[in-house]
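Please open the model in your viewer and keep the sequence panel beside it. The tour below goes from one selection to the next.

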Amino acid sequence: LQTMAEEERSLFPAIRQLEQQDDSVDRDFGAIARQIRPVIFKHKDIGEAVKLVRKASGNFKRPENACPEFDQMYGLLRRVESDVRRHVHKEEFILFPRAIELAKRFK
């Protein structure tokens, strides 16, 4: 959540500025790259945490004699995992490359 808050506060506004057609907007390639790099490292940490949760849960397999709430909890964990993967994919393979390309044009 902290990473997402940081992205919303600084990185995303900087990317929006890159997309503006106003020539007075500062489009600093280095600044964008410096903001993206730590987010990618945090994505790796988050990915590892998701893998650990999956492993610790036995691949989200309900233990024998477990209460029905296990199914609900594992369902929620699957959704979190899916949301995290989607979020990371959109940023690392769509948004960030596009922002870097835009920033390079104004280098």
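A residue counts as partly exposed when its relative accessible area lies between the limits for buried, under 20%, and exposed, over 50%. With that in mind, and remembering that this is a predicted model, select Glu-48, which at 45% relative accessibility is partly exposed, and then Lys-51, which at 47% falls in the partly exposed class as well. Their side chains form a salt bridge, with 3.5 Å from N to O, and the two residues stand three apart in helix H2, a separation of about one helical turn.

Next, select helix H1 (residues 2-19) together with helix H2 (residues 29-56), whose axes come within 10 Å and cross at roughly 145°, in a crossing that is left-handed. On the H1 side the contact includes Leu-11, Ala-14, Ile-15 and Leu-18, and on the H2 side it includes Ile-32, Ile-36 and Val-39. By class, the residues of this contact comprise seven nonpolar, four polar and three charged.

Move on to helix H3 (residues 69-105), where Glu-101 and Lys-104 lie three residues apart, about one turn of the helix. A salt bridge joins Glu-101 to Lys-104, the closest N and O atoms being 3.6 Å apart; Glu-101 is partly exposed at 42%, and Lys-104 is partly exposed at 41%.

Then select Arg-62 and Asp-71, which are paired in a salt bridge whose closest N and O atoms are 3.2 Å apart; Arg-62 is partly exposed at 33%, as is Asp-71 at 42%.

Finish with Arg-54, Glu-81 and Arg-85, which a network of salt bridges links; the structure holds eight salt bridges.

Notes. Residues numbered from 1 in each chain as written. Predicted model: local features only at pLDDT ≥ 70, side-chain atom pairs only at ≥ 80, totals over all residues. Heavy atoms only, no water. Axes fitted to C-alpha atoms, helices over the stretch in contact; angles between N-to-C directions. Helix = DSSP H or I, 4+ residues; strand = E, 2+ residues; numbered from the N terminus. Left-handed = near helix turned anticlockwise from the far one by under 90°. Contact = heavy atoms within 4.5 Å. Nonpolar A, V, L, I, M, F, W, Y, C, P; charged D, E, K, R; others polar. Salt bridge = Lys/Arg side-chain N within 4 Å of Asp/Glu carboxyl O. Buried < 20%, exposed > 50% of the residue type's maximum accessible area, 1.4 Å probe, protein only.
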